[in-house]
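Reader: Please present the structure, and then let us discuss the lining of its pocket and the annotated positions.

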Amino acid sequence: MLPDDRGHFGPYGGRFVPEALIAALDELDAHYRKAMADPEFTGEFERMLRDYAGTPSLLYDATHLSAHVGGARILLKREDLNHTGAHKVRNVLGQALLTKRMGKGRVIAETGAGQHGVASATAAAYLDLECVVYMGEVDTKRQALNVARMKMLGATVIPVTTGSRTLKDAINEALRDWVTNVDDTHYLLGTAAGPHPFPAMVRDFVRGIGVEARAQCLELTGALPDAVAACVGGGSNAIGMFHAFVPDESVRLYGFEAGGDGIETGRHAASITGGSHGVLHGSRSYLLQDEDGQTIESHSISAGLDYPSVGPEHAWLHDQGRARYQPVTDAEAMDAFALLCRTEGIIPAIESAHALAGALRVIPALREELGHEPTVIVNLSGRGDKDMHTAGEYFGLFDSGEVIG
Amino acid sequence: MSVSVAFEKARAEGRAALVGYLPAGFPSVAEGIGAVKAMIESGVDLVEIGLPYSDPVMDGPVIQRATEQALAGGVRTRDVLHTVEAVSGAGVPVLIMSYWNPVEKYGVDAFARDLAAAGGAGLITPDLIPDEAEEWLAASDAHKLDRIFLVSPSSTDERIAMTVAHCRGFVYATAVMGVTGARDSTSSAAPTLVARVKAAAGHLPVGVGLGVRSGAQAAEVGAYADGVIVGSALVSALAEGGLPALRTLTQDLRSGLTP
């Protein structure tokens, strides 16, 4: 089972961090391995997921959507129904519980759209931990409601004014805090990226998505799905969905990256499709960079996918050909966003709309290849409440009051 | 010129070496070269040229602001190598301090080759630990460059021994937990860390970076370390007072180390 002992997924992953953090990463790795082998820890984690977060999330047979698009059976993994409205609650509960076990009383987190910040503040409140959230100053303005949520939950939100003042700079600032306060602080990293053991640890905390979906699909349809689809920014919801299916060779894995205005425009956040090998935020993976290795700012209509790199396990799955990664533009995602609202009465996160748009795009080819109507699971990783301002502006709902259609 | 030359000279004079840091391209490439030369003329024994990087997680606000300004001004990796070339004849060894990705993107062996050709002594890698440095170990051997890895107060004795074994030139002790930046008081953890490193380092010099900003602080650190590394205070001096302030601070720091 990857990664190796030093956190390498093939040539990716590893630890590209200041020496000052190595002791903390070693400590985290040791506690995490021990905790995952301890029935007391895993039992408590499962109890919190069940009783507090509301999992297993539903696998919903989207018959209206399926009928509308025709030629496929689309199943939605309803992570949007989890407490705090996204898959992220699984990761934060796991890491917060581990923080308690390590005897630390403070967590720090970074956030872009605010969802990981809200989830971290929630877990911290639930487990009585001090919580500080770093957020790019630009994002605090775009996501004022989520800033208020975090504060309501007792977290301190620190606007980051360095660099591009967005998610990547919030991560830099969180790393600086961690270097300074590592004795009593855990860095509750929000995605399956960063230095070892974060990519594997976050994956293990969110892998329940795929485990549940696999069992639910077998029960509902009597067979494995032909394909699963998820959106990919840093890659946590996607790796959570993919992991249980990796050994099932008949199941195609699709990761849909944020194509922004289109790969050819350079304004996107598709690090596998449009990036190259490099090191950022503690691990080697694909990233958006210029010819000098300086990070290029990413662009996406979805703040949650707006990240210039991707978790190392995705880089490895891509190179192995086990998962297929394709970009989805802002426009394609917003079309799928509107379609799901109208056919199923479900408002998805714009992140998740990328997964849906990508799935709809590949279904015809899949049907042709298989010779039958494919069953496709789409990970609906989050709900769209947080994105209504963006959607309202995109569809002109605030200007004219007209109904889209 | 290997950095050992600088440490041997200082040792012969019965003092610690003064190591000065400035980022390339700040406030411009040409002015940055002038600033490094001024620093050398004013008494530093060893120069670190920072390679400006978009995501400098080890740097505090002073150095980050300067490197952001350098990047906004269009500084490129080749300008950093040009800066090394322009100052390497001034009589003191010159190192580059760089986060790893720009080196990897340039090509590890090509970077080592071009750094050596520019007269550089070696490379300090704040986010590259020896565990991940296989390619750099080979390239630095091939091009006879010094390689300076960091140790920290949180490093175990085993990691200190391993890191020291891979260092050449000197060992960089980051003696406080935190990012770069001038501080009012020096660290009580520093002497302990230096003692631990020296136990493993044998004859290899140990340089300490912990926010020194005055001659008095330099004297305090120089009493137990082989090298006193100053960055943020010099960058601040240059940013706020130009070359005269940079010269004055460098002379003050150096006077703190003079027996």
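Reader: How many charged residues are in the lining of the largest pocket?

Author: The model is predicted; local features need pLDDT of at least 70, side-chain atom pairs count only at pLDDT 80 or more, and totals for chains, interfaces and linings use all residues. Residues are numbered from 1 along each chain as its sequence is written, chains are lettered from A and ligands numbered from 1 in the order written, and side-chain values use heavy atoms, without hydrogens and water. By class, the lining has 7 nonpolar residues (Ala, Val, Leu, Ile, Met, Phe, Trp, Tyr, Cys and Pro) and 10 polar ones. Asp, Glu, Lys and Arg count as charged, and their number in this lining is 11.

Reader: At which residues does UniProt place the feature "active site"?

Author: The feature comes from an unreviewed UniProt entry, and such annotations may be inferred rather than shown by experiment.

Reader: Is Glu48(B) buried or exposed?

Author: Glu48(B) lies in strand β2 (residues 46-50) of chain B, a strand being a DSSP run of E of at least two residues. Its relative accessibility is 1%, and the class rests on a 1.4 Å probe and protein chains only, with under 20% buried, over 50% exposed and partly exposed in between. Glu48(B) therefore counts as buried.

Reader: Which residue of chain A does Thr77(B) touch?

Author: Thr77(B) is placed in helix α4 (residues 77-87) of chain B and is buried at 3% relative accessibility. Contact means heavy atoms within 4.5 Å. Not counting residues up to four places away in sequence, Thr77(B) touches Leu51(B), Tyr106(B), Phe111(B) and, from chain A, Asp292(A).

Technical notes: Helix = DSSP H or I, 4+ residues; strand = E, 2+ residues; numbered from the N terminus.
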